[in-house]
Amino acid sequence: LARELGPRRGSEEITRHLNVVYDAIIAELHRHGGSVIGFSGDAITCWFDDLDLQGNPRADSSLERAAACAFAMQKGMTQFAAISTPNGKTIGLSIKVALAVGPARRMAIGNGNAHQMDVLAGATLSALADAEHESERGEVVLAASNLTSVEERFNVAAWRAEKQFAVLTS
């Protein structure tokens, strides 16, 4: 878009398209009971808690909600598979989704009066980063090394890295 429209207009156009994509993705996230933790480049880190807002255990697990959300996000992305540019070229947008489950530290950092951020830390985030590196466009990949009965809970299309990561189909 920068080559086609120039740097300023190209930047505005890509921002417009990405806002529509993020709106669709985040709508699915909220529909499935998740929260946005932060953005980093073109990535979004999300959180699904096993507790409701009152601190009570939820009936459905965070992993099942996260997986359902991931597939809904992938389905929602099909509308962006062929986007026409002003000069008639077609570009396609897609996402890859990485999932990890386990304990994490979630905290707010910063000065609440000026700038505050929600952050996550812990080994589960390292597993999430590893799952992201194992995933490809259009896939949902689960860091499964610490999980049992993955194949009983999900349809697994393939395993990667000696069964540490499951490529899920549903």
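**Entry 1: Ala66 and helix H3**

I began with Ala66 and found this residue in helix H3, residues 62-76, where helices (H or I, at least four residues) and strands (E, at least two) are DSSP runs, numbered from the N terminus. I noted for myself that this is a predicted model, in which local features need pLDDT of at least 70 and side-chain atom pairs count only at pLDDT 80 or more, while totals for chains, interfaces and linings use all residues. I also wrote down that residues are numbered from 1 along each chain as its sequence is written, and that side-chain values use heavy atoms, with hydrogens and water left out.

Is Ala66 buried or exposed? I read a relative accessibility of 9%, so Ala66 counts as buried; the scale I used calls a residue buried under 20% relative accessible area, exposed over 50%, and partly exposed in between, with a 1.4 Å probe and protein chains only. Leaving aside residues up to four places away in sequence, I found Ala66 touching Phe48 and Leu99, a contact being heavy atoms within 4.5 Å. I also looked up Asn155, which is 89 residues from Ala66 in sequence and 15 Å from Ala66 in space, C-alpha to C-alpha.

In helix H3 I then turned to Ser62, which counts as buried because its relative accessibility is 8%. Ser62 touches Phe48, Asp49 and Asp50, again not counting residues up to four places away in sequence.

**Entry 2: the four-stranded sheet**

Next I followed an open sheet of four strands, whose order is E5-E8-E10-E9 with mixed pairing; two strands pair if DSSP finds at least two bridges between them. Strand E5 (97-99) and strand E9 (156-160) stand at the edges with a single partner strand each, so one side of each has no neighbour in the sheet. From one strand to the next I noted an average twist of 25 degrees.

Within this sheet I checked strand E8 (residues 140-143) against strand E10 (residues 165-168), and they pair in the antiparallel sense over four bridges. Which residue of E10 is the bridge partner of Ala143? I found Phe165 in that place.

Helix H3 packs on the sheet, touching E5, E8 and E10, and its direction makes about 175 degrees with that of E5; such axes are lines fitted to C-alpha atoms, for helices over the stretch in contact, and the angles run from 0 to 180 degrees between N-to-C directions. I saw that helix H4 (residues 123-134) lies across E5, E8, E9 and E10, running at about 145 degrees to E5.

**Entry 3: the hairpin of E1 and E2**

I moved on to strand E1 (residues 35-40) and strand E2 (residues 43-47), which run antiparallel and are joined by five bridges. Ser40 stands opposite Ala43 in E2, and the hairpin has two residues between the strands, with Gly41 taking a positive phi near 65 degrees.

**Entry 4: salt bridges**

How many salt bridges does the structure hold? I noted nine, a salt bridge being a side-chain nitrogen of Lys or Arg within 4 Å of a carboxyl oxygen of Asp or Glu.

One of them joins Arg31 and Glu28, with the closest N and O atoms 2.8 Å apart. I saw that Arg31 and Glu28 are separated by about one helical turn, because they are three residues apart in helix H2 (residues 7-31). Arg31 is exposed, with a relative accessible area of 58%.

In another salt bridge I found the side chains of Arg65 and Asp60 meeting at 3.6 Å, N to O. Arg65 counts as buried at 5% relative accessibility, whereas Asp60, at 31%, counts as partly exposed.

I then looked up Asp118, which forms a salt bridge with Arg106, the closest N and O atoms being 2.7 Å apart. This pair links distant parts of the chain, since Asp118 is in strand E7 (residues 115-121) and Arg106 is in strand E6, twelve residues apart. I read Asp118 as partly exposed, with a relative accessible area of 25%, and Arg106 also counts as partly exposed, at 37% relative accessibility.
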